[in-house]
Every structure is written in C-alpha cells, then in structure tokens.
Amino acid sequence: MTRSTTQMLQIWNPATGEVIDALPADDRAAVMDKAHRAREARVRWAATRLEERIATLARFRKLVAERVETLAKTTTRETGKPVTQARNEIKALDGRLAFFLENVAPTLAARTVFSDDTLEERITWEPLGVVANISAWNYPYFVGSNVFVPALLAGNAVLYKPSEHATLTGLALASLLHNAGVPESAFQVVVGGGHVGAALVEAPIDGIFFTGSHATGVKVAEAAAKQLSKVQLELGGKDAVYVMDDVDVDRAAEATADGAFYNAGQSCCAVERLYVHESVYDAFVEKFLQTVDAFVVGDPMDERTYLGPLTRAAQLDVLDAQVDDARAEGGHVRRGGARLDRAGFFFAPTVVTEANHRMRLMRDETFGPVIGIQKVTDDLEAAALMRDTPYGLTASIYGQDQTRAEALLATMETGTVYWNCCDRVSPRLPWSGRGHSGLGSTLSTLGISAFVQPKAWHLRRP
Ligand code: NDP
C-alpha cells in the first residue's frame with residue numbers, strides 16, 4: 001500500500017509491507033505549473049518534423065531494450081509483480097514500440113479526398129495539444145506507453161501521472177524519454193496519489209487518456225466534460241471464458257488457469273469467470289486444479305515465482321468478501337480461499353467451483369487470484385451468462401469448431417473476442433471496452449489517430 005501526504009509520497013514493497021522510498025509529491029499549484037509549461041512546450045514539439053520525433057522515440061526503444069533488468073527490478077520492488085513477468089512485459093513493449101514507429105507516418109499522412117481542375121479537398125491531422133496520461137500500476141509499461149508513445153509521435157506534449165503504486169517505474173521511463181531527446185517540458189511526470197490525478201484533469205489540457213477502474217473513470221469523464229476535453233477510458237473487465245464440449249480439455253485448463261492467475265489476476269483482461277460445458281466439467285476442473293497446484297507462490301524477486309503478492313493491501317478485503325459471499329451462495333472453495341500467513345499482501349490462489357450468478361465473484365471485478373467455475377448445459381446458456389455483466393472488455397471460447405465459436409463470439413458485447421486463447425493483447429488490433437469497460441481505442445492505427453484532430457482543407461484553384 002502506498003500513501004501520500006501533502007509533501008511526500010511513500011512507496012511500499014507489497015512483498016514485505018515495508019516502505020522502501022519516499023518522493024516529493026506535487027500539489028495542485030505544481031500540477032498547474034506543469035500544465036502551463038506543457039502548453040508552451042507543445043508548440044515547439046508539434047513543429048518538430050515527424051521524422052525527428054520518430055528518431056527520438058526509436059532511441060527511447062533502444063534505451064528500454066538496454067535496461068530490461070534494472071527496469072524489471074524497479075517494477076517488482078514497488079508492485080510485487082514477479083520479476084520474470086516484469087521482464088516479459090518490458091520485452092513485449094518492444095513490439096508495441098516497433099508497431100507505433102512503423103505506422104505513425106502512414107496513419108498521419110495527408111489525404112486528398114477530391115481533386116479536379118477547380119478544387120482540391122484534403123484532410124490533414126494535427127496533435128490535440130496537451131495530453132494527460134493517467135495510468136494504472138498493473139502493466140505500467142503497456143498501459144503507459146499505449147498512450148504516451150503515440151501521443152508524443154503525433155506531436156502532443158504529455159503530462160504523465162503514473163499510479164502511486166508504480167511511480168518509480170514512471171520516473172524511470174521519463175528519464176529514458178528525456179535521455180532519448182524528448183524535451184523535459186514536453187513529457188513531465190505528475191507525482192502523487194488520486195488527489196493529484198483529480199487536480200490534473202482540472203488543469204488546462206486538451207485530452208485525457210485514463211486507465212483504471214470504472215468508478216474513477218466516471219469521475220474523470222465528469223471532469224473532462226467541464227472543459228470539453230477529449231476523453232478516453234480503459235477500464236475494468238469481468239472477462240468470461242466458455243469451454244465447449246468438443247474442447248481439448250488439458251490445453252484449455254492450462255491456458256485458462258494461466259489467464260486467470262498471471263500477475264496474480266491483476267490484469268484488465270484476466271480470466272474472471274469460467275463457464276464449462278457439463279460433459280467436460282469434471283475433467284476440466286481436475287486439470288485446472290492440477291495446474292493451479294503447480295504454481296509457485298512466493299517472493300516476486302525469486303526467478304521461480306509465478307504468483308507474488310497483490311499490489312494493493314486494500315484489495316485483500318475485496319477478495320475476502322467475494323470468497324465469503326461465494327461460500328454463502330453455495331460455492332465449493334476447492335483451493336485457497338484466504339490470505340497467506342506471511343508478511344506482505346499475499347492471497348492464496350483460489351478456485352471456487354459450482355459457481356453461480358448470485359455470487360459477487362461472478363459479477364463484480366475481482367482483480368486478484370480468485371476464479372469461479374460454473375457448469376453450463378449448452379451454448380445458449382453460456383452466451384447468456386457471458387453477456388450478463390455491465391462490463392464489455394473481452395470474451396473467449398475454447399473448442400474445436402471455429403464456425404460454432406465465431407457465431408457465438410459475434411454475439412458478445414465486448415471490444416475483443418478470442419478463440420482458443422485469452423488474456424492477450426496485440427499492438428495490431430484495437431484495444432477497446434464497451435459499457436463499464438470504457439470509451440475509445442488504444443493500439444492499432446486507431447490508437448494513433450486517437451491523438452490527432454482533423455483539419456479540412458477546401459482549396460479552390462484561381
Ligand atoms: P484506479 O481507478 O484506482 O486508478 C487509476 C489511476 O487514476 C491512478 O493513477 C490513480 O492514482 C488515478 N486516480 C485516482 N483517483 C483519481 C481522480 N479522482 N481523478 C483522476 N485520477 C485519479 O485504478 P487502479 O490503478 O487500481 O487500476 C486497476 C483498474 O484498472 C482495474 O479496474 C483494471 O481492470 C483497470 N485496467 C484497465 C485496463 C484496460 O486496458 N481496460 C488496463 C489496466 C487496468 P493513484 O493510483 O495514485 O491513486
């Protein structure tokens with residue numbers, strides 16, 4: 001858990017529960033000052049040639065690749081993410097950076113949409129101006145860079161507010177961006193807790209790109225409405241998987257267990273609910289439990305660890321309450337079900353079978369290492385249960401028959417659907433949520449266009 005005072009932000013190690021650092025936090029006046037400096041910086045950065053901005057971000061990519069080990073350890077210390085998974089995230093960032101660097105020029109190229117002897121009509125793209133990038137702690141490299149990289153490439157100045165639980169990582173990224181040549185005023189870190197985020201969305205900015213919970217997202221959208229700034233929200237999920245009767249049980253159980261427990265279940269697209277056809281239910285549950293039993297839980301700095309602590313102590317109460325409620329509603333807690341008796345914010349990997357939709361475990365975001373498994377009799381029941389949520393981030397089906405799976409996936413009210421995979425993000429595809437999962441898209445070329453506004457040219461020839 002990290003707590004801020006008016007002056008200092010304390011950084012906690014979730015694996016030990018100890019304070020490991022303290023940083024000066026911004027107050028409202030400092031946030032306004034940074035916003036004004038960004039407004040001035042945006043003019044020169046926007047006027048820099050696109051080729052130069054691309055070369056600058058390419059240098060950033062190289063610097064990140066050279067510092068994987070140091071960055072991974074920094075993130076593990078403050079978030080508790082197992083160091084192997086922190087390393088994976090930083091290495092995978094390279095693919096996202098490559099995508100943006102290759103695609104920004106074609107995406108932002110001017111387009112002549114009409115031309116004859118007397119008239120030309122053309123569209124060009126201009127940066128939004130100053131972008132506030134309010135980020136979550138669970139994948140600080142991915143969710144941060146999905147915004148600040150295309151925003152900077154497109155010529156915006158960025159005010160980056162890392163989560164208070166991933167501030168050291170945010171500052172490390174800022175230092176690499178500055179070393180790569182991004183002017184200090186064009187990329188500034190805003191340091192502090194939620195109140196600093198609240199001050200930032202009231203500062204003079206042109207776009208707010210927020211990653212976090214639905215509850216905070218609503219507050220951010222209200223603040224954006226007051227100054228009519230563009231707003232994008234990447235929010236939580238209650239991501240469902242349906243395991244069909246014709247499935248390869250072992251492969252599906254192993255893959256979905258990983259989808260549920262990777263990063264201690266603290267992923268927006270983590271598997272949060274499993275619906276399993278009755279004909280394969282027992283075999284699936286058995287293999288799923290075997291897979292969970294093999295997970296190594298422990299010190300996140302240890303290379304063998306698969307499951308570390310939760311990043312936020314407060315989430316332990318949420319998990320306790322969901323497990324108690326699931327028990328009361330008839331769930332069988334087959335593994336785990338409680339905090340671990342050790343220092344730090346550890347919760348045992350928990351599997352609840354015989355789950356049903358009276359349980360909060362199957363309706364509210366869990367965001368931890370707890371999964372509910374419910375038996376279903378056919379595709380229609382599975383599809384109805386999958387849609388029974390206000391969230392709309394991802395939905396997944398495991399089975400052999402592609403036509404049958406695609407027909408069901410087409411009925412899902414989610415931004416992303418998966419066949420025989422889950423908990424997956426690609427830089428080439430848009431990442432978007434519906435309903436309580438958000439507004440707008442990051443990644444893909446849509447996630448570049450999000451940071452520009454069109455200018456329409458009507459050119460009548462003399
Ligand atoms: P929060 O909503 O608690 O916080 C998100 C960010 O907003 C943090 O930087 C936080 O600062 C800041 N903040 C808090 N209050 C305000 C406010 N009033 N105004 C402006 N900013 C504020 O979410 P978490 O960081 O706990 O992230 C977990 C959530 O993020 C989950 O619901 C998860 O599903 C979702 N998520 C969604 C993703 C997606 O792609 N759809 C990706 C990753 C996560 P501070 O932390 O300092 O309090």
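In which helix is the place of K34? In this predicted model, K34 belongs to helix α1, which covers residues 28–47. Its relative accessibility is 14%, and because the limit for a buried residue is under 20%, K34 counts as buried. Apart from neighbours within four places in sequence, the residues in contact with K34 are D26, L159, Q188, V189 and V190.

The ligand comes next. It is surrounded by 30 residues, and the closest of them are S213, E234, L235, R312 and E365. By type, this shell divides into twelve nonpolar, twelve polar and six charged residues. Several secondary-structure elements contribute to the shell: helix α7 (194–200), strand β8 (207–211) and helix α8 (214–227) each supply at least two of its residues.

For S135, the distance from a polar backbone atom to a ligand oxygen is 2.9 Å. The corresponding distance is 3.2 Å for G212 and 3.3 Å for G194. Taken alone, the ligand would expose 900 Å², of which the protein buries 91%.

Elsewhere in the chain, strands β3 (residues 111–115) and β4 (residues 119–127) pair in the antiparallel sense, with four bridges between them.

Most residues other than glycine have a negative phi. N263 is not a glycine, yet its phi is positive, at about 55°. This residue is found in the loop between helix α9 (249–261) and strand β11 (273–277). Is N263 buried or exposed? Its relative accessibility is 4%, so N263 counts as buried.

L443 is the second case. Its phi is near 60°, again a positive value in a residue other than glycine. L443 lies in the loop between strand β21 (441–442) and helix α14 (446–449). Its relative accessible area is 0%, and therefore L443 is buried.

Conventions:
Residues are numbered from 1 along each chain as its sequence is written. This is a predicted model: local features need pLDDT of at least 70, side-chain atom pairs count only at pLDDT 80 or more; totals for chains, interfaces and linings use all residues. Side-chain values use heavy atoms; hydrogens and water are left out. A residue is near a molecule or strand if one of its heavy atoms lies within 4 Å of it. A polar contact is a pair of N or O atoms within 3.5 Å; within protein, one must be able to donate a hydrogen and the other to accept it, and residues adjacent in sequence count only if both atoms are side-chain atoms. Accessible areas come from the Shrake-Rupley method with a 1.4 Å probe; for residues, only the protein chains shown count as cover. Ala, Val, Leu, Ile, Met, Phe, Trp, Tyr, Cys and Pro count as nonpolar, Asp, Glu, Lys and Arg as charged, and the others, Gly among them, as polar. Buried means under 20% relative accessible area, exposed over 50%, partly exposed in between (1.4 Å probe, protein chains only). Contact means heavy atoms within 4.5 Å. Two strands pair if DSSP finds at least two bridges between them.
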